[in-house]
Amino acid sequence: MLFRSNDIRKGVASSAQTAASLLRPGQLRAGSVRVPDLIVNHRDPHVVDDELTVLQVVDLQSRAIATLVSFPCHPEVVHPESHEVTADYPGHLCRLLESRYGGTALFVAGDLGGMQSPDTQERSHGEAQRFAEVLAEAVDACLGDVQSDNLDFARSTVPIELTNPMYRAVIAGGIVAPVEWCGSSVVTEVSLTRVGPVVLAGIPGELLPKLGIQLRHRLREAGARFPLIVGLADDELGYILPADDFVEPLDWDEPGRQYEESMSPGPHTGPEIMAALDELIKDVLE
């Protein structure tokens, strides 16, 4: 089924109206914890980000309204050659959290780029369930009541210089929907949302863990107790690499070890995204 843009706008507006009609008092719970031995970084084994962050809203009877979990690992426990449609470990995790706490559970990708994947040899639904059970126990262990005195949101548009010839080709050929241009750059956006001590950073792609670790450190320096990375927010630019890690492929069709570079707008993407986020941090948190 094809949806027209006007139908999508109407659907979003209707959903917002329904959500507003169901507003009720709530309290905030949050936590973060490292969950070791679940992730392997296939690009750079020495840099692994295994921090789980959770934000939960409960009603005045301490029943969950919603639970949001961010974890930096690709949902690919189940064998990649499987033709089954599956939500992989995030699907199992959300069902476990909804069974445990009630309400609605949501999963967002953290800084899983380049290439943070499940550290397992068993590629099965049973293993995806086990993976989720470990994460659910981590959520339960780290959640605690926090104060939620403020709510702030800020966003910023960012021009990203597009040097990837493959990206340019698919845009020129109409394979990718029209994009907003600013000279030779595509326009995307980043965002920050502060909910008490929790700060959600909206990233338009897949941050490599080196940048994710830097971003959370920067957010904590600015006063965020629980930095929560929301990858693939608003846009999917592909991989977002540190500039000093970016090595242009010799052959863009067969990039080999430079696969992440071949799926990135270019070497300026990481610095431009991080600089825009730093300006938002100064505006919102400092």
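Here are a few exercises on the structure above, each with a worked solution.

The structure is a predicted model, in which local features need pLDDT of at least 70, side-chain atom pairs count only at pLDDT 80 or more, and totals for chains, interfaces and linings use all residues. Residues are numbered from 1 along each chain as its sequence is written, and side-chain values use heavy atoms, with hydrogens and water left out.

**Exercise 1. The whole protein**

Step 1. Begin with the inventory: the protein has 7 helices and 14 strands. Helices (H or I, at least four residues) and strands (E, at least two) are DSSP runs, numbered from the N terminus.

Step 2. Turn to burial, where 47% of the 286 residues count as buried. Buried means under 20% relative accessible area, exposed over 50%, and partly exposed in between (1.4 Å probe, protein chains only).

Step 3. Finish with contacts (heavy atoms within 4.5 Å). Among those between residues at least 6 apart in sequence, 77% join residues at least 24 apart.

**Exercise 2. Helix 2 and its cover**

Check the span of helix 2 and find what covers its buried residues.

Step 1. Helix 2 (residues 88-101) has 14 residues, which at 1.5 Å a residue should span 20 Å; its end C-alpha atoms are 21 Å apart, in agreement. The expected span is 1.5 Å times one less than the number of residues.

Step 2. List buried positions: among them are Tyr 89, His 92, Leu 93, Leu 97 and Tyr 101.

Step 3. Their cover includes strand 3 (51-58), strand 4 (64-71), strand 5 (104-109) and helix 3.

Step 4. Look at helix 3 (residues 125-142), where Ala 136 lies. Ala 136 is buried, with a relative accessible area of 0%. Leaving aside neighbours within four places in sequence, Ala 136 is in contact with Leu 93, Leu 96, Leu 97 and Arg 100. An α-helix has 3.6 residues a turn, so residues three or four places apart point the same way.

Step 5. After helix 2 comes Gly 102, with a positive phi near 85°.

**Exercise 3. Backbone exceptions**

Find where the cis peptide bond lies and which residues other than glycine have a positive phi.

Step 1. Recall the background: most residues other than glycine have a negative phi, and most peptide bonds are trans.

Step 2. The cis bond joins Gly 114 and Met 115, with omega about 5°. Met 115 sits in the loop between strand 5 and strand 6 (116-118).

Step 3. Glu 260, in helix 6 (residues 259-262), touches both Gly 114 and Met 115, along with Arg 43, Tyr 239 and Leu 241, not counting residues up to four places away in sequence. Glu 260 counts as buried at 5% relative accessibility.

Step 4. Ser 62 has a positive phi near 65°. Ser 62 belongs to the loop between strand 3 and strand 4 and is exposed at 57% relative accessibility.

Step 5. Asp 234 has a positive phi of about 80°. Its loop runs between strand 13 (226-230) and strand 14 (239-240), and Asp 234 is exposed at 52%.
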